[in-house]
Amino acid sequence: MSTANILWVDDEIDSLKSQILFLENKGYYVSSLSNGHDAIEYLKENQVDVILLDESMPGITGLETLSVIREINRQIPVVMVTKNEAENVMEDAIGAQITDYLIKPVNPNQVLLTLKKIIDNRRLVAEKTTTAYQQDFRNLFMALSSNLNYNEWMDVYKKLVYWEMEMAKSDSPEMQEVLISQKAEANTEFAKFISKNYANWVHPKSSEAPIMSHTLFRYKIAPHLEKGKPLFMVLIDNLRFDQWKAIEPIFKESFRILEEDTFYSILPTSTQYSRNAIFSGMLPVDLEKAFPLEWKNDDEQGGKNLSEEKFLGEQLKYLRHKDLRFTYTKITNHQDGQSLVNNVHNMMDYDLNVIVYNFVDMMSHARTEMEVLKELASDETSYRSITKSWFEHSPLYQALKKITDKDIKLVLATDHGSVRVKKPCKVIGDKQTTTNLRYKHGRNLNYDENDVLAFRDPKDAGLPRPNVNSSYIFAKEDGYLCYPNNYNHFANYYKNTFQHGGISLEEMIIPVIRMATK
């Protein structure tokens with residue numbers, strides 16, 4: 001039974017005794033008062049969970065009472081109960097942030113339903129979510145033990161993200177633990193799937209492969225390009241599918257979602273490789289041959305993502321869109337963002353506008369280094385929350401809002417995701433070995449073969465060979481690669497941080513969303 005303190009304020013309170021008795025039999029504790037002045041004094045001294053407030057009372061009206069209540073406690077739920085169906089009264093009540101609105105005469109079940117929605121909503125949602133996940137658990141379990149193809153893996157991951165976000169709304173630690181365990185099992189099986197199939201996907205003669213970084217533009221952007229109708233391609237660096245789901249409601253306020261899809265990031269799932277692949281339409285091994293001066297390996301000096309605009313221009317020519325006018329804008333700090341807000345209207349004169357926004361990537365790296373961000377983004381739920389909060393107040397959102405009254409197309413995508421790492425894995429390499437936590441390349445690498453996917457010949461993974469005898473290794477599941485030197489310090493320092501570059505559902509299966517203005 002429910003236990004909650006209800007305050008019912010109505011100048012005809014005596015006529016409501018049967019209703020109050022009904023609520024008390026349902027487990028609610030109901031206090032009743034006949035005017036707004038007494039209600040205000042009562043609230044100063046007593047804890048109340050919900051107020052049922054009559055609008056038409058002598059002395060001080062319900063709306064006047066409500067404005068004083070809001071000064072005392074802005075959070076308390078208030079249900080306006082009135083005979084007055086006038087639209088302006090309803091609008092005034094809604095503007096004063098009432099929780100619900102009931103028209104007299106009200107029956108007991110109507111009031112009960114309203115209270116359940118307000119007080120018991122979280123519990124009821126949690127119970128329903130837990131039951132639904134328990135029913136779906138077996139289906140997911142069976143799917144993981146079958147021979148899934150790349151499309152089915154995308155569906156499984158979307159379903160796991162759905163349940164992860166639903167569970168975050170509920171208060172069931174036990175079921176959340178079950179889901180975490182099932183997600184870990186899924187990542188174990190996914191790593192086996194990638195180990196078995198990845199080399200075939202990037203093989204030049206392969207016809208059976210998912211859309212990946214180097215084919216994203218060809219299949220998901222180019223078909224929607226047309227002269228005279230601007231297409232905005234917004235690439236938010238390091239945006240996981242669950243982070244997209246967190247910001248989706250904000251987009252839906254101004255845009256229609258035409259297609260929600262996912263694609264696979266190439267390996268390594270890092271900006272230098274995957275983003276250059278997106279804009280060039282090439283795997284890194286081919287990119288190095290075509291642009292030897294622009295391509296930089298990890299161990300070479302110079303910026304690794306400085307030629308994306310050039311790569312994009314060349315890809316447009318290759319795809320026979322050389323006459324299209326395009327802009328390329330990269331946002332790496334707040335000042336760049338403000339410049340975008342000021343100039344976004346000028347982009348309407350171009351057929352394609354690419355906007356690369358680095359914030360989420362900066363946040364994930366900063367989170368590793370800064371204690372305050374470790375607190376703010378300590379797990380997946382808070383990571384989604386901070387992403388949503390950032391986007392709502394970002395220059396990117398301000399810029400997009402300025403063009404929502406125009407007829408435009410919008411494609412939102414990313415270059416890779418990230419995974420929260422928990423398991424340190426020991427790797428030994430020479431001085432040339434790269435420092436990344438989720439992948440490494442170098443000569444004479446020593447590692448536990450169970451921890452990584454290794455490509456002794458980088459070409460098998462569509463990657464250039466930085467040095468003779470260079471090989472690549474990719475961390476699987478939630479592992480991160482540490483050297484034996486000062487091992488315990490780095491193992492503890494990086495544990496539970498979000499990293500990218502390796503093999504996991506979160507890093508590799510990433511969103512591409514097609515939208516249009518309403």
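**A helix and its aromatic neighbours**

Phe255 has a relative accessibility of 4%, and because buried means under 20%, Phe255 counts as buried. This value, like those that follow, is computed from a predicted model. The ring of Phe255 is paired with that of Phe251: the two centres are 6.2 Å apart and the planes meet at 50 degrees, so the pair is described as tilted. Phe251 is likewise buried, with a relative accessible area of 2%.

Phe279 and Tyr328 form an edge-to-face pair, with 5.5 Å from centre to centre and 85 degrees between the planes. Phe279 belongs to helix H11 and Tyr328 to strand E8 (residues 326–331), so this pair ties together parts that are 49 residues apart in sequence. Both Phe279 and Tyr328 are buried. By the rule used here, the count of aromatic pairs comes to 31.

In general, an α-helix has 3.6 residues a turn, so residues three or four places apart point the same way. After H11 comes Gly281, which has a positive phi, near 70 degrees.

With neighbours up to four places away in sequence set aside, Ser274 is in contact with Ser213, Ser265, Ile266, Pro268, Asp415 and His416.

Apart from residues up to four places away in sequence, Tyr198 touches Met212, Ile266, Leu267, Phe455, Ala461 and Met508. Tyr198 also belongs to the largest nonpolar core, which has 99 residues; Tyr198, Trp153, Ile194 and Tyr264 are the members that touch the most others. Apart from this core lies another, of 18 residues, which includes Ala4, Leu102, Val111 and Leu115.

A loop residue may be set beside the helix. Asp10 is found in the loop between strand E1 (5–9) and helix H1 (17–25). At 1% relative accessibility, Asp10 counts as buried. Beyond its neighbours up to four places away in sequence, Asp10 touches Leu16, Leu33, Ser34, Asp54, Met57 and Lys104. The C-alpha atom of Asp10 is 7.8 Å from that of Ser32, although the two residues are 22 positions apart along the chain.

The whole chain provides the setting for these details. The protein chain contains 20 helices and 19 strands, and its C-alpha trace spans about 90 × 50 × 40 Å along the principal axes. Of its 518 residues, 53% count as buried. Among contacts with a separation of 6 or more, 74% join residues 24 or more positions apart. The chain exposes about 24,100 Å², of which carbon and sulfur atoms supply 48%. There are 61 positive and 72 negative side chains, and the centres of these two sets are 7 Å apart.

Methods: Residues numbered from 1 in each chain as written. Predicted model: local features only at pLDDT ≥ 70, side-chain atom pairs only at ≥ 80, totals over all residues. Heavy atoms only, no water. Helix = DSSP H or I, 4+ residues; strand = E, 2+ residues; numbered from the N terminus. Buried < 20%, exposed > 50% of the residue type's maximum accessible area, 1.4 Å probe, protein only. Contact = heavy atoms within 4.5 Å. Areas by Shrake-Rupley, 256 points an atom, 1.4 Å probe, with all protein chains shown as cover. Lys, Arg positive; Asp, Glu negative; His and termini not counted. Charge placed at Lys NZ, Arg CZ, Asp CG, Glu CD. Core = buried A, V, L, I, M, F, W, Y, C linked by side-chain atoms within 4.5 Å. Phe/Tyr/Trp six-rings, centres within 6.5 Å; stacked < 30°, edge-to-face > 60°.
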